[in-house]
Amino acid sequence: MKWTYIEDISKFKDKEVELRGWVFTKRSSGKIRFLLIRDGTGIIQGTVFSSKKDDPLFKKFDTLTQESSLIVRGQVREDKRAPGGFELTIRDIEILQIADEYPITPKAHSTPFLMEHRHLWLRSQKQHAILQIRTELIKAIRDFFDGRGFRLLDTPILTPSACEGTTTLFETDYFDQKAFLSQSGQLYNEATAMAFGKVYCFGPTFRAEKSKTRKHLIEFWMVEPEVAFATLEDITELGEDLVVYLIERILEQNKKELEVLERDTKPLERVKKPFPRFTYDEVQKMLKKKGSKMEWGDDLGAPEETLLSEIFDLPVCITHFPAKIKAFYMQPDEKRPELVLGVDMMASEGYGEIIGGGQRIHDLNLLEKKIKEFKLPREDYEWYLDLRKYGSVPHSGFGLGIERTLAWICKIKHIRETLPFPRLLYKIYP
RNA sequence: UCCUCGGUAGCUCAAUCGGCAGAGCGGGUGGCUGUUAACCACUAGGUUGUAGGUUCGAGUCCUACCCGAGGAGCCA
C-alpha cells in the first residue's frame, strides 16, 4: 500500500492508502469512532465503524492517546461532513508509540505555559500555519534576489569587532582572542558587493540588547542586500519591490494558512507601489501635529510608529535622518550635511520598522573622519577603509527583519511565535 | 535597566470582611452509530512560587527574594 501525505490525499479518492502520523484528537460515539490524524502536511479525519462492541480495531483505537504515533491504512472517501472534504475509512491501525499524557490540550493555555512547551506547541495548527508561511517567505526572498541576479554571499557570524556599538554584542572566546556574534553582515556585504556587484546575505543576527517588547528578539534573521553604484533612491525602490513581491507570494501560496490564522487579507492586498515616502523633517512635523512629543533629532518611538500606521494604510518609507541617530557609515546629504541618506520602512497596521538601510559613505577622508568622531578603533576598520582606497563607488543596501515582516503578514501580536525556537530576554529554554 | 500587574489541582481560573481550598477542561471507569474544543454519569487529583513575620486562625495582611506577563527606552 502506498505511503501518502495528507496534503496529497485528494489525488487518491476511493483508493487505499497508508498514512503515517500522530493522533491530533479522537472522539467516540458507541459504534462509530473518529480519529483526527496529522502528519505534518495536514489533518484528516478517519472513521472506524463496527457493529461488534469488542471489535479488535475498537480496542486498538481505545488505547490511543493524543499525539500517539501510528500508521493507519484505509480507503479515501469524499465526504462533505468531514473537515477538509476527505475522510479515511480506517481498516487497520499500527501503533508505533502510545504517547504519555500530552500537556497541550485542545482547551486554553497561557503563553508562558506554551512557551515552556515550545517543542510541542509547534504541532498546534496556528503555530504550524505561521511557520509554514515562514518557510514560504524565506523561499520568496531567495527567489526575489536570485531572480534579479543577486549573489548570495553569506557573511561571518563570528566577528573580530563591533560593527556599531559594543554594549549590545554577545562576546565569546576565539582561541586567545575575543570574538563577537554578528549584529549585521553589512560591512562584509560592502566588500562582497565590490567583488560581485549586487549581493545579499541571509543569516541570524544577535543582539544582547535588554529589550523586552513584542517586537524584539535576541536572535533574529535578517536579509541584507548591498548594491554597488546604487543610490538612496535605488535602494528605497528595491525595498519597495521586495516587500510587494513577498506579500504577493504569501497571498498566493498560503491562503490556507492565512485562513487558519484568521488573517484579514485586505490590508495586505492593498500593499502596492508606490508607498508613501517622506523625509524625516516632514514626518517629524506631521507627527507633532498629531500630538506626538517627538522633537527634531529624536528617533521615532513606539507611539510614533503606531501613529504613522493610523494615518497610512500602506508601509511608509522615511528618508534623510539626522546623522546623530544613525550609524557612522551613513552618507551625508550634500545639501544638508547634518542629515544622512538613510531609509527606514515602517510596516502598516502598527508593526513598525521592518527595513533599515541607506547609502554608505564612499569617500575615504570622510569615512576616516566619522570613525574618529564615533570613537571607533581604527585598526579594526582598516580592511573596511581599503574598500574606499581601491575603486570606491557610491553604494547602498538595507536589512529586512524576517520575523517582524512575518509577524505583520500573519498579524500576530508577538514576534516570539514567528520562529521555531525564539531567543528572548533571559529565556533560552527549550 | 525602569514602571505596572500576576504566581491556588496536569491546564485555565474562582475562593466575599482574615474563618471547612472549589469549578471547568484534561486523566481514569462506564454509556451512546456522524462526532466537529462532541455529549451524559461516576471517579482520582493540593507543600496555594520560596523564606520569614503579624494573628486564636493566613490563599487572603506585612517584609525580602525567585519566576512570569504587559509596557518604556534601543533597534530589524
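**Close-up 1. The crossing of helices α4 and α13 in this predicted model is right-handed**. Handedness here follows a simple rule: a crossing is left-handed if the near helix is turned anticlockwise from the far one by less than a right angle, and right-handed if clockwise. Helix α4 covers residues 125–147 and α13 residues 402–410; they pack at about 125 degrees, with axes 10 Å apart. That makes α4 oblique to α13 (angles under 35 degrees count as roughly parallel, over 145 as roughly antiparallel, 65 to 115 as roughly perpendicular and the rest as oblique). Axes are lines fitted to C-alpha atoms, for helices over the stretch in contact, and angles run from 0 to 180 degrees between N-to-C directions. From α4, Ile130, Ile133, Arg134, Leu137 and Ile141 meet Ile402, Glu403, Leu406, Ile409 and Cys410 of α13; contact means heavy atoms within 4.5 Å. These residues divide into eight nonpolar, no polar and two charged, where Ala, Val, Leu, Ile, Met, Phe, Trp, Tyr, Cys and Pro count as nonpolar, Asp, Glu, Lys and Arg as charged, and the others, Gly among them, as polar. Helices (H or I, at least four residues) and strands (E, at least two) are DSSP runs, numbered from the N terminus.

A note for all views: residues are numbered from 1 along each chain as its sequence is written, while chains are lettered from A and ligands numbered from 1 in the order written. Local features need pLDDT of at least 70, side-chain atom pairs count only at pLDDT 80 or more, and totals for chains, interfaces and linings use all residues, with side-chain values based on heavy atoms and hydrogens and water left out.

**Close-up 2. Helix α4 also packs against α6**. The angle is about 135 degrees and the axes are 9 Å apart, which makes α4 oblique to α6. The crossing is right-handed. Among the contact residues are Ile133, Leu137 and Phe144 of α4, and Leu238, Tyr245 and Ile250 of α6. By class, the contact divides into 11 nonpolar, one polar and five charged residues.

**Close-up 3. Five strands close into a barrel**. Their order is β1-β2-β3-β5-β4, with mixed pairing; two strands pair if DSSP finds at least two bridges between them. The twist averages 55 degrees from one strand to the next. Strands β4 (69–78) and β5 (86–97) pair in the antiparallel sense over 10 bridges, and Arg77 has Glu87 in β5 as its bridge partner. Helix α1 (56–63) packs on the sheet, touching β1, β2, β3 and β5, and its direction makes about 70 degrees with that of β5.

**Close-up 4. Three strands form an open antiparallel sheet in the order β7-β9-β8**. The edge strands, β7 (158–159) and β8 (171–174), each pair on one side only. Four bridges join β8 to β9 (177–181), and Tyr174 stands opposite Gln177 in β9.

**Close-up 5. Here are some backbone details to look for.** Most residues other than glycine have a negative phi, and most peptide bonds are trans. Phe229, in the loop between β11 and α6, has a positive phi near 75 degrees. A cis peptide bond joins Lys273 and Pro274, with omega about -5 degrees; Pro274 is in the loop between α8 and β12. Another cis peptide bond joins Tyr429 and Pro430, and Pro430 is in the segment after α13.
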